[in-house]
Amino acid sequence: MTDAGANWLDILLTFTRLGLISFGGANLAEIERVLVGQRQWITPGTLASGFALGQVMPGPNMLAMTHYGFAAGGWAGAAAATLGFYGPTALLSAAAALAWRRLLGWKWLPTIRSALLPFGGGVLLAGVLVLARGSVQNVAGAVIAAAAFALLTRTRVNPALVVIGAAALGALIGL
Amino acid sequence: MSAPTAPPPAPPEDAPHHPPAPVPVTPTHADLLRVFAGVAMVGIGGGLPAHMRRAVLGRAWMTELDFAESYTLAQLTPGPNAVNLAAMIGARLRGWPGALWAVVGVLTPGLIAMLAVTVVTLGLPGGLPAPLQSALRGAACAALAVMLTAALPVLRVVGGLRGGWPLALATFAGIGLLRLDLLPVLGVVVGAGLILHRPRPQEQP
């Protein structure tokens, strides 16, 4: 466990911000900058292992946020992180769905989509870089990552199985 | 993986016939909770939107077009896409309470599992035993590959957009390499994108 535990309200607001500024997928670069660098609530190792755990959990793979919240402030931290990360964006989505009929003919809608997509793509790439820094620490790790990538792009194997297989391999070779 | 809750309801099985004219069926709140929890459990490792599509179309809760509209909109709103999509489907079917029950459903199985594992891995007094640490490092390397494969379809679409690659690479450099604050980068990149793609009267939509 880290220190005595951060204030749950602080955790709630921090994770709310992280949820609202992620477009098109996990904004891991910003999550790392804030949680590891600025707040020092988690270590780079916790960031990487929490993300990996999220991949083998049922449901959305950003459940890592619950893991990070627990590391930052115990049970209250886990609750605050989950509520903050998922709550406001879900509210926004529900509101957008209810307003959809009015949004449908809006001429700026495709414009906003085309403007957000390159940003989302760049953010995803930055997340890959951050995750690589936290998880690939030697040649064996790089080989596992490359083999997993080849498997995932060439076959239709379930990603959760690939992650579990890599975990077994990591334990065997003492990565 | 230990699954403490009931086995997932198999979504497509209870709709074996294709109804000639799909009669819209309105689910109850309990239906939404149950079906989305089931979707979460069959969706280990991703593919949640595909599972949701099967579940809601198979029950005639929605038409293909309704789903495609919700899916597009879920890409536009910030936050985790799969949860956004659940909120949107729930909202379309049963308004605000529907959104709440769909989100609770899709999150609950994973939350239970994640909290159980988290308490064990973070709570051990002397830290994790060495083999478990090695296993998590191996898993993290594979998770990196998962993340990269998830980025590829987005990058393909980005490559087809006017100014897509320069703006994506500028975002990558600003956030990933220079570690700039996100909001200024968002402002500049999305601002440039809005100008590049602003609606023009002579263009067909």
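## Confidence in the model

You are looking at a predicted model, and its overall scores are ipTM 0.80 and pTM 0.77. For chain B, the average pLDDT is 82, with 84% of the residues at 70 or above.

One stretch of chain B deserves a separate mention. Over residues 1-16 of chain B, pLDDT stays under 50. For that stretch the model has 14 contacts beyond four places in sequence.

## Where the chains meet

Turning to the interface, chain A contributes 101 residues to the contact and chain B contributes 87 residues. Between them, the two chains bury about 8100 Å², and carbon and sulfur atoms account for 79% of that area. On the chain A side, the residues losing the most area to chain B are Pro58(A), Trp100(A) and Phe119(A). Together these three make up 8% of what that side buries.

## A helix pair in chain A

Within chain A, helix H2 (residues 28-38) packs with helix H3 (residues 44-55). Angles over 145 degrees would count as roughly antiparallel, so H2(A) and H3(A) are oblique to each other. Their crossing is right-handed.

Which residues bring the two helices together? From H2(A) come Leu28(A), Ile31(A), Glu32(A) and Val36(A), and they meet Pro44(A), Leu47(A) and Phe51(A) of H3(A). Sorted by class, this contact has six nonpolar residues, one charged residue and no polar ones.

Conventions
Residues numbered from 1 in each chain as written. Chains lettered and ligands numbered in written order. Predicted model: local features only at pLDDT ≥ 70, side-chain atom pairs only at ≥ 80, totals over all residues. Heavy atoms only, no water. Axes fitted to C-alpha atoms, helices over the stretch in contact; angles between N-to-C directions. Helix = DSSP H or I, 4+ residues; strand = E, 2+ residues; numbered from the N terminus. Parallel < 35°, antiparallel > 145°, perpendicular 65-115°, else oblique. Left-handed = near helix turned anticlockwise from the far one by under 90°. Contact = heavy atoms within 4.5 Å. Nonpolar A, V, L, I, M, F, W, Y, C, P; charged D, E, K, R; others polar. pLDDT = per-residue confidence, 0-100. Buried area = accessible area lost by both parts, 1.4 Å probe.
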